[in-house]
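Reader: I would like to go through this model with you. Could we begin with the ligand and then turn to the sheet?

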Amino acid sequence: VEAVGTDARSRAIRVIGAVVRDGAPLRPTLARALGDATGAERSLVTDVAYGTLRHLHALDAALSARLSDPAALPGVARDVLRAGAYELLVRGTAAHAAVHAYVELLKATPGPAARLSGLVNAVLRRVSWADVTDEAARLSLPEPLWAHLRAALGDEAAAAARAMLSPAPVFLHPYTADAAERLVAEGCTVQPAALGTLAVRLSRPLERLQAFREGAVQAQNPSSVAVVRALGVARGERILDVGAGHGIKTAQLCAAGASVIAVDVDPARIAAGRANLARLGFSAEHVVHDATTSQAGLAPVDAALIDAPCTGTGTLRAHPEIKLRWSEAASERAAAIGAAMLARVAERVRPGGRLVYAVCALGLREGPAVVAAFLRDTPDWRAEPIATPLPMRDAAVGSWLLPTDAGHDGFYLARLERRG
Ligand SMILES: C[S@@+](CC[C@H](N)C(=O)[O-])C[C@H]1O[C@@H](n2cnc3c(N)ncnc32)[C@H](O)[C@@H]1O
């Protein structure tokens, strides 16, 4: 067990280093590091990598109180301290076991960092949450991002930020009546979850399950399901799905009986979306198109869904590296693309038709500000209320779907109707 633990922890340290210092995205980097690891090893690497990155700002604040110049340490020594502090302060690994594991791991590291094992030992023995007093640090957010979330969510911001620190189950949207039974037969643990989804503990990686390969399920967070439901699709309607990507929401629209035109600017995503729909037994018309420009040849549609590109601040739980890269400038760029998409796509919706504008970001600029500006400039559209059983908070226009302890992602969405 100890040998497995040491190997798993070094893999996690390599993932953390690649994400923090080399700008690598977490999910594919972790998948490569996991290879075909199974069972306890797989779950330890995953938990230490995700957990350390989710709590990174808080852990750095706790460690800073015990170090004179953390930035001067070799990167690997810092990452060993971060992962060790995560195990001690969050994961709850017994102190002697955690300290021993990380000190030995550093000793075995090639290069000068190995000489810092004494320092790592001393720091890990003293690291404490009591040293973290700043509110943003306690929520493990950089200060500008914390201010950004607070401006949008007010007194719900702290609970939302805290919820995004904890792991969530894998949510699967079932597309066959026997999906849950098939998952159980393959060794998964399955619980019913919000909006007809299944909260699943996977027995092996999703892509290796027959139930997935044969189109019985699609990974989809309940908040994402709620976004499509907000459009209220009727059988036979023509729906424009903009920013269709891998087709997660396209599939839901198809299942509701719509005839879907799936648009994305990225040909690789369009190809992936087409393949994903085929796996699920659906089909749509796929179009590579930059939706910030007019799709003039397209006949008017009954409704449109815009799942706009965004900074993803409602998905910090699944993508904690967003906290390391987020900036006001990135949020401005995303908002400008979203605003142009909304203006152009709205032109393709028939009078009396409707549109849902959504982003998985929790800032005013990428959500309500885009929609408010559109409504100001386009008087034949108006906002309509949204009904969903998920925890929600009204924005000035539209609503926030709140990140929750149950594992729901955060989204902004607005439902708009074109006057007849
Ligand atoms: C949030 S993701 C969409 C996820 C997708 N709807 C799903 O549920 O699987 C946003 C998508 O917008 C696409 N996108 C970005 N800029 C675009 C543009 N100018 N025109 C069309 N699509 C764009 C991206 O390629 C990406 O696939």
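Reader: Which of the residues around the ligand come nearest?

Author: Gly243, Asp264, Asp290, Ala291 and Asp307 come nearest, out of 19 residues around the ligand. A residue is near a molecule if one of its heavy atoms lies within 4 Å of it. Please note that this is a predicted model, in which local features need pLDDT of at least 70 and side-chain atom pairs count only at pLDDT 80 or more, while totals for chains, interfaces and linings use all residues. Residues are numbered from 1 along each chain as its sequence is written, and side-chain values use heavy atoms, with hydrogens and water left out.

Reader: What is the shell around the ligand by class?

Author: The shell has seven nonpolar, six polar and six charged residues. Here Ala, Val, Leu, Ile, Met, Phe, Trp, Tyr, Cys and Pro count as nonpolar, Asp, Glu, Lys and Arg as charged, and the others, Gly among them, as polar.

Reader: Which atom of Gly243 lies 2.7 Å from the ligand?

Author: A backbone N or O atom of Gly243 lies at that distance from a nitrogen atom of the ligand. Polar contacts are pairs of N or O atoms within 3.5 Å; within protein, one must be able to donate a hydrogen and the other to accept it, and residues adjacent in sequence count only if both atoms are side-chain atoms. Lys249 places a polar side-chain atom 3.1 Å from a ligand oxygen atom, and a polar side-chain atom of Arg269 also lies 3.1 Å from an oxygen atom of the ligand. The protein covers 85% of the 610 Å² of accessible area that the ligand has on its own, by the Shrake-Rupley method with a 1.4 Å probe.

Reader: Now the sheet: in what order do the four strands stand?

Author: The order is S2-S3-S1-S4 in an open sheet, with antiparallel pairing. Strands are DSSP runs (E, at least two residues), numbered from the N terminus, and two of them pair if DSSP finds at least two bridges between them.

Reader: Why is one side of S2 and of S4 left without a neighbour?

Author: Strand S2 (189-192) and strand S4 (217-219) stand at the edges with a single partner strand each, so one side of each has no neighbour in the sheet.

Reader: What are the bridge partners of Leu172?

Author: In S3 the partner of Leu172 is Leu198, and in S4 it is Ala219. Strand S1 (residues 170-174) pairs with S3 (residues 198-201) over three bridges, and S1 and S4 pair over three bridges.
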